[in-house]
Amino acid sequence: MKRRLMFFVFLILALLVVYLQPVFFPRQAQTIRPHESQATGEGTITNMQADPVAAEGFATEIGSSLKDFEKTHGAPIISYDSGYGFTISRYETEETGFLEVNSEDGKVVAIKSTGIDGQEIAPFSLNMSMGDLAAITMLFPNFTIDDEGAEIQIELMEEDLNYRPLLVFDNGVYGILFFNRNSELYGVMYLTKDMLLKLAPYNLISGEVPAMKAQATEWGEINQAKIDQGFQLLNALRLQEELPLYETTYTLQGQGRDFLTRFLKNPQKHLSESRYENFRKVTEDVSNEVFMVTGSEFTDLAKAVGVADIQGFFESPCYDLTFQILSWYSDPYMHARFMEEQKQAIAIGISQQNMVILFEDVAETEDSD
């Protein structure tokens, strides 16, 4: 009898550990660049290669001249230098849509869209499911890319396959499909091989990808343009979800600037030795990793740099803010952060490749009007 009681006690304790672990130790946001635990050379390579998808719509416009693109889609609302060798241009869409193009030397090298449906994103369709996609093509976890005679092998993790699958079209263009946590397609990015390798959104198995190199000397206008367009994109996504639009305040914007200024001035002071080493690798471009601070770590860091009682996250490097925002929305953990139903104010801070987003609840004032 005593042994039986002890058995049930240990069984109950084991069940409590299993089910309460996510509550007391929630997972940190997953990034889509390789970490130290995903070092080059790890992973299993399959011999199966992705079957190309017939190019339609936007996929046929990659590599064309920007002037030809604008004959169809009109003049851009805004164009600005990314600071990394390509120009970013945004075009008119419906209120819930967002269309942006990266161009180099007058050629289209990437097209990013959300909230856009029809022939432009065919054979895909807005809100299609992963089951619908399976009827069009088979997804593969491994890709071998020839980069001027050098083979580069990348691998998609399980979460990538479920929310950010990579496809190749029969004209050599690549496509990243963005699915939300309900497995509904909300965005597509079309890009050249070179842009894919530079953004490096997937696990690197072998080879070396080219580094993004800063090519600007005056960053003030570039940083502000990215902030403005990021705010527009986040509100387009809020409209798609039928949620209240984000607001912003001068105070919150100032806190974003303060966070970046104080943290970047002396990051070693505010990070553990191992975390600082990760950050150093990213800032010195020694690796192809990403450095991200979120959750309780961000709360502690914000307090340490004098921006207390604020929620948000920090990420570096962030070369293309639109691409990053679409990626965050396809991460179930990050997507939940953007799904608050109550009114919120946000502030985006950009300092070259470093980005911070702050969130703040907005008190309802209708009763006091």
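Helix α2 (residues 66–73) lies across strands β2 (87–91), β3 (98–104) and β4 (107–114) and runs at about 160 degrees to β3. Contact here means heavy atoms within 4.5 Å. Helices (H or I, at least four residues) and strands (E, at least two) are DSSP runs, numbered from the N terminus. Axes are lines fitted to C-alpha atoms, for helices over the stretch in contact, and angles run from 0 to 180 degrees between N-to-C directions. The structure is a predicted model, in which local features need pLDDT of at least 70 and side-chain atom pairs count only at pLDDT 80 or more, while totals for chains, interfaces and linings use all residues. Residues are numbered from 1 along each chain as its sequence is written, and side-chain values use heavy atoms, with hydrogens and water left out.

Seven strands form an open sheet with antiparallel pairing, in the order β1-β2-β3-β4-β9-β8-β7. Two strands count as paired if DSSP finds at least two bridges between them. Strands β1 (78–81) and β7 (166–168) stand at the edges with a single partner strand each, so one side of each has no neighbour in the sheet. The twist averages 20 degrees from one strand to the next. Strand β7 is joined by three bridges to β8 (residues 174–179), and the two run antiparallel. V168 stands opposite Y174 in β8.

A further open sheet has three strands in the order β5-β6-β10, again with antiparallel pairing. Its edge strands, β5 (142–147) and β10 (203–206), each pair on one side only. Here the twist averages 35 degrees from one strand to the next. Six bridges connect β5 with the antiparallel strand β6 (residues 150–155), and F143 stands opposite I154 in β6.

The axes of helices α6 (residues 220–240) and α11 (residues 321–329) come within 9 Å and cross at roughly 30 degrees. The two helices are therefore roughly parallel to each other (angles under 35 degrees count as roughly parallel, over 145 as roughly antiparallel, 65 to 115 as roughly perpendicular and the rest as oblique). Residues K226, G230, L233, L234, L237 and R238 of α6 meet L321, T322, I325 and Y329 of α11 in this contact.

Across the whole structure, a search finds 22 aromatic pairs. Rings of Phe, Tyr and Trp (its six-membered ring) pair if their centres lie within 6.5 Å; planes under 30 degrees apart count as stacked, over 60 as edge-to-face and the rest as tilted. F279 and F314 form a tilted pair, 6.3 Å centre to centre with 50 degrees between the planes.
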